[in-house]
There are 2 protein chains.
Amino acid sequence: MDEMFIAVISGILGLIFAFFLVLYVLKNDEGSEKMREISAAIQEGATAFLGREYRILALFVVAVAIILGFIPSLGWLVSLSFVFGAICSALAGYIGMNIAIRSNARTATAAQKSLNHGLRVSFRSGGVMGMCVVSIGILGLSALYFVFGSRPDFMTILPGFGFGASSVAIFARVGGGIYTKAADVGADLVGKVEKGIPEDDPRNAAVIADFVGDNVGDVAGMGADLFESYVDSIIATITLAMIAILPSIKGGMPLVPDERVAWYLPMLVASGGIVASIIGAFLVRVGDKPEMEALLTALRRGTFSASILTAIFSYLAVYVLKADLGIFYAILAGLVAGVLIGESTNYYTSYAYSPTRHVSEASLTGAGTTVVRGFANGLMSTFAPIILVGIAILVAHRFADVYGVAIAGIGMLSTLGITLATDAYGPVADNSGGIVEMSGLPAEIRERTDALDSLGNTTAATGKGFAIGAAALTALALMLSYSNAAGIKVSEISLLDVRVIVGLFIGAMLPAIFCSMTLTAVGRTSFAIINEVRRQFSEIAGLMEGKAKPEYGKCVDICTKAALKEMLAPGLMTVVAPIIVGFILGPLALGGFLVGAIASGFILAITMANAGGSWDNAKKWIEKGNFGGKGSEAHKAGVVGDTVGDPMKDTSGPSLNIMIKLMSIIALVFAPVLAKFPGLL
Amino acid sequence: MDEMFIAVISGILGLIFAFFLVLYVLKNDEGSEKMREISAAIQEGATAFLGREYRILALFVVAVAIILGFIPSLGWLVSLSFVFGAICSALAGYIGMNIAIRSNARTATAAQKSLNHGLRVSFRSGGVMGMCVVSIGILGLSALYFVFGSRPDFMTILPGFGFGASSVAIFARVGGGIYTKAADVGADLVGKVEKGIPEDDPRNAAVIADFVGDNVGDVAGMGADLFESYVDSIIATITLAMIAILPSIKGGMPLVPDERVAWYLPMLVASGGIVASIIGAFLVRVGDKPEMEALLTALRRGTFSASILTAIFSYLAVYVLKADLGIFYAILAGLVAGVLIGESTNYYTSYAYSPTRHVSEASLTGAGTTVVRGFANGLMSTFAPIILVGIAILVAHRFADVYGVAIAGIGMLSTLGITLATDAYGPVADNSGGIVEMSGLPAEIRERTDALDSLGNTTAATGKGFAIGAAALTALALMLSYSNAAGIKVSEISLLDVRVIVGLFIGAMLPAIFCSMTLTAVGRTSFAIINEVRRQFSEIAGLMEGKAKPEYGKCVDICTKAALKEMLAPGLMTVVAPIIVGFILGPLALGGFLVGAIASGFILAITMANAGGSWDNAKKWIEKGNFGGKGSEAHKAGVVGDTVGDPMKDTSGPSLNIMIKLMSIIALVFAPVLAKFPGLL
């Protein structure tokens with residue numbers, strides 16, 4: 001039996017599981033007329049945005065496909081693979097979001113019954129996204145293998161799939177990120193700060209745009225993001241094995257004995273992760289006390305079990321395929337490092353620990369000190385992930401050479417099916433709380449959805465941490481593959497070569513420029529939203545008194561247009577920069593460029609994600625009655641910190657993950673061309 | 001005639017010029033009894049702090065000297081050189097600050113006569129620092145040459161001098177930076193924000209501490225910082241020539257023909273810069289209209305003339321020594337890149353241009369958007385410096401190989417005598433304004449000192465930009481020297497070696513951790529100051545009404561103790577980190593570590609300096625009556641931005657310059673030991 005069928009079967013199994021989750025979610029009731037109405041408005045806005053976004057992306061994808069087709073060393077099959085990757089990514093994001101927007105009101109209704117019910121609906125809705133991403137990923141790669149696997153130029157075709165997925169991801173993440181944070185910041189600054197009305201108050205014109213944003217950014221954007229991580233890590237490992245490891249020898253015996261193992265091993269490890277995630281998902285259940293502790297324990301039981309199962313399955317895969325046992329240790333190194341990075345992220349962002357409580361305390365002396373303290377916290381939080389990834393790299397390398405580095409990335413991402421579920425459930429819970437607020441349900445229901453939301457923030461922070469770590473490993477593996485594909489010798493790409501150094505400096509700068517562009521885009525868009533909400537409050541008579549309704553559509557429209565426009569520049573820059581560097585400064589400089597971008601992107605991404613998470617929770621800690629509680633001066637300072645952190649943690653930070661992988665995979669795609677071209681300088 | 005005597009003569013010339021500047025400054029009147037009293041309080045606080053700081057540093061220096069002495073491959077002459085470097089650095093900082101604290105009241109008095117008079121006193125006081133730094137630097141290096149130059153192990157002894165200078169610099173910069181910003185932020189947050197009293201109001205208990213801070217941080221700290229940059233760039237160039245270039249051949253003829261040229265050339269270029277700076281200083285004069293334009297033109301005339309003269313002198317030096325003409329182009333590349341980096345910094349931080357005005361505009365929607373916009377601005381401002389330094393490296397390398405990269409750093413720093421004068425005059429002008437305010441002089445005098453201060457902010461921003469660029473080049477040259485000294489082959493230190501990559505990741509992380517520590521230290525200290533000022537306002541009867549005096553000494557004491565305590569951890573971490581990485585991960589990883597630290601430190605330093613400058617000036621732009629003017633909501637948001645930027649631009653950012661050079665020179669000092677030690681892993 002061909003072991004690849006195990007991958008196909010696990011992919012199909014994942015889809016079937018997702019299908020049952022969909023059935024479960026949809027059989028729940030959407031609630032009152034009012035709730036249906038809000039839900040319909042969210043669905044309309046989100047679907048319209050995604051439709052317009054995908055139309056723009058289609059143009060981009062077609063244009064790039066044509067260019068790729070005409071490049072002599074690449075050709076039309078690379079184009080085809082690229083388009084296929086883009087479609088798979090868009091599909092995963094679309095399905096996931098489609099279920100998420102249908103789950104908001106259903107979660108709100110379920111929470112009326114019990115907390116456990118609310119958790120079940122929202123978590124299963126997140127599970128659809130998790131399962132779709134991993135299943136479509138593994139099935140897409142299998143399809144490529146079955147169709148083109150026997151061609152001699154397959155190693156040129158395969159990276160095209162990742163390039164397609166990454167291209168969709170960067171635009172989806174940036175566009176969605178701008179949308180969600182512009183709406184969020186805009187709604188908060190006028191509503192909470194200026195007018196003193198609660199969050200998600202129906203009088204706020206930006207509130208529907210805010211809900212829509214959560215879906216297009218935190219669900220569809222994140223889905224595309226992690227789809228990319230997942231397939232890129234597998235592609236990087238396969239490519240590295242095929243072009244670099246197979247001819248090499250470790251300790252007298254081949255590390256990866258043949259091409260079949262090069263393909264099967266990563267696919268089987270990923271398959272094991274899917275099955276482990278499904279089993280883990282069944283273990284997530286909770287009683288009816290809205291205690292963070294119990295909820296967190298429930299989710300952790302799921303993810304930890306999945307991790308342990310994945311480790312066991314990976315061992316079996318290595319054993320069955322008769323691969324070197326060192327590879328298993330490499331996978332384990334990645335898996336363990338991922339879990340520990342998640343824990344360290346939790347330590348720096350949860351208000352249960354001193355770093356975030358210090359940020360809350362700093363708000364006693366105003367917004368300035370709050371911002372500085374949170375930022376310092378974010379910077380400090382880079383220590384553990386860098387050291388953990390460093391150790392994982394060294395361990396993986398010791399046991400399985402560079403191949404170990406690549407497959408450690410798969411290890412870190414293997415439980416994505418369930419970790420993504422715990423991530424994607426967050427925005428659903430958040431929105432369900434909004435719907436509870438807007439439709440005037442009793443406070444105890446809001447308390448339940450708040451508990452779910454709060455848990456979502458914690459799991460989102462953990463999820464971000466390990467997504468960044470995995471991105472760094474994956475990008476590194478892609479960079480190693482690129483170097484091999486471009487024919488760069490180990491002795492050539494020296495840190496004493498000034499072109500490599502200059503490339504590295506430029507690479508290290510690019511994530512900063514990228515962040516600047518995305519932060520500015522959020523600022524500009526939220527500025528427009530703020531003015532629109534202010535205008536509606538001053539021009540619509542009776543709005544503040546609740547006698548008139550705001551024009552929600554206006555804000556949705558502003559966000560949609562702005563996000564689609566603002567996503568282009570940072571996205572295109574990311575696509576074009578490695579190509580320019582490669583052709584002007586040469587392939588060696590491009591290698592330096594990638595390493596610089598990975599290091600700097602890794603550090604900036606962690607800083608932004610954790611500083612943002614820390615400000616958010618520091619504010620929540622104040623709201624729980626500390627340092628003066630809600631409405632105090634300290635609270636106002638905390639809200640400023642949260643506003644600063646919002647675009648950092650939900651727009652710029654996560655987009656950096658995609659950025660470093662996209663640039664690396666572009667280098668890999670263009671490696672055959674660059675190998676023949678020494679650079680203009 | 002030995003050309004080294006030209007260096008000695010120019011050094012002595014610089015000291016004589018500094019002496020005349022001192023005479024000029026001191027013959028000015030200190031003003032009224034009240035002004036003398038304030039001035040005496042500042043002198044007392046500053047001298048006491050520096051005394052205590054130097055005592056702690058003496059312990060550190062002695063301890064390190066003993067350790068160096070006992071290490072087999074280093075020995076007691078390295079210790080001696082280290083101690084000598086530390087003493088020279090401390091001396092330069094001490095003399096410069098000593099004159100600065102005597103100039104505050106004198107500038108205030110001179111400004112009563114005319115703006116031109118005020119500029120002359122403050123600028124000449126800054127000139128003392130500028131001249132002392134370059135003269136002591138060049139004389140110290142000459143002394144080392146004359147005493148030890150003929151020894152075979154001189155190339156091991158020489159870096160010790162830079163290590164000593166860098167060690168003093170990191171503690172002085174961090175300690176001074178914490179002192180000045182804690183006092184500044186503390187004074188502002190209670191005085192301006194909570195109590196609504198003007199800046200520098202005598203009722204504010206932290207106001208004297210704030211003045212003291214400007215002197216110990218922005219004068220003494222900066223002096224030590226740039227002394228280090230200056231001597232390190234020369235040491236890096238000499239070392240590179242002696243251990244790497246001399247045996248190599250370029251285009252059939254030696255790039256640097258012999259050892260004498262290796263020594264004389266950098267010293268002569270630096271000497272030319274001293275003479276050019278003296279001439280340039282004479283060209284700084286202005287009429288009596290307090291127009292920014294005219295003041296800026298006056299300073300620019302001085303610095304630009306000095307740049308052109310330096311270029312001419314450098315050409316002569318290359319010509320006279322019969323060195324390769326390519327070296328001249330490399331120097332020119334550094335010089336031009338430095339000037340352009342200064343211009344780009346000015347563009348991003350001055351309110352004359354759109355980036356900073358956008359930050360002002362963002363304050364219309366609150367503190368959160370102000371902070372985000374300013375931070376985005378800082379990130380974007382990394383583009384030009386990175387590209388300019390990249391071009392300078394490539395040009396310098398094309399014309400003069402790696403030697404070109406090193407000497408381009410000297411080119412960038414050669415006009416330090418005058419650029420440091422324009423920098424060091426800033427805090428003097430700032431304090432003179434404070435004295436005007438505290439002693440109740442008429443508003444028109446304050447207007448004049450404000451014009452001087454505002455100009456100082458612009459030149460400080462420009463100066464910071466080129467100091468960072470020069471730091472990157474110098475650190476890079478030191479890293480190249482380290483690699484040679486440690487016996488690392490070009491083909492060995494590959495970006496495909498995972499140890500190099502892990503080292504690079506750790507190196508890239510360290511500046512973030514360093515910033516986090518210093519930002520937190522400022523936060524903690526200003527927290528203590530805020531509580532003290534608040535306590536005095538509430539406990540001292542009649543303070544707010546001006547009937548009682550605050551206890552200034554308490555705040556001075558808090559700052560002194562806290563700064564001395566808080567400077568230890570980041571300073572020691574910087575010293576220890578490269579040694580740990582080198583001995584655990586090996587010399588190759590240390591090379592990667594240095595490159596990672598340089599790239600990330602460069603980017604973080606520019607971001608922090610320019611974001612900080614931009615917030616500061618955005619606030620000033622609002623205060624000039626834009627977007628609501630003083631007292632408006634926008635202004636309050638602007639003040640928050642400024643508070644966030646303060647520790648970034650005056651504590652963390654500039655300390656990063658020293659950090660990357662210190663780590664590089666430590667690697668160079670320990671290279672002979674590391675060459676015999678492959679690393680534990």
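Author: A convention before we start: a crossing is left-handed if the near helix is turned anticlockwise from the far one by less than a right angle, and right-handed if clockwise. Helices (H or I, at least four residues) are DSSP runs, numbered from the N terminus. This is a predicted model, where local features need pLDDT of at least 70, side-chain atom pairs count only at pLDDT 80 or more, and totals for chains, interfaces and linings use all residues. Residues are numbered from 1 along each chain as its sequence is written, with chains lettered from A and ligands numbered from 1 in the order in which they are written.

Reader: Which hand is the crossing of helix 15 and helix 18 of chain A, left or right?

Author: Right-handed. Their axes (lines fitted to C-alpha atoms over the stretch in contact) come within 6 Å and cross at roughly 35°, with angles running from 0 to 180 degrees between N-to-C directions.

Reader: What residue classes make up that contact?

Author: 21 nonpolar, 7 polar and 1 charged. Ala, Val, Leu, Ile, Met, Phe, Trp, Tyr, Cys and Pro count as nonpolar, Asp, Glu, Lys and Arg as charged, the others, Gly among them, as polar.

Reader: Switching to the dimer contact. How many residues of chain A touch chain B?

Author: 65 of chain A contact 65 of chain B. Contact means C-beta atoms, placed from the backbone, within 7 Å.

Reader: Which helix of chain A gives the most?

Author: Helix 15, with 19 residues. That side of chain A has 44 nonpolar, 20 polar and 1 charged residues.

Reader: What rotation superposes chain A on chain B?

Author: 180°, with 0.0 Å of shift along its axis and RMSD 0.0 Å. That is a two-fold relation.

How values were computed. Least-squares fit on C-alpha atoms with pLDDT ≥ 70 in both. Contact = placed C-beta atoms within 7 Å. Helix = DSSP H or I, 4+ residues; strand = E, 2+ residues; numbered from the N terminus.
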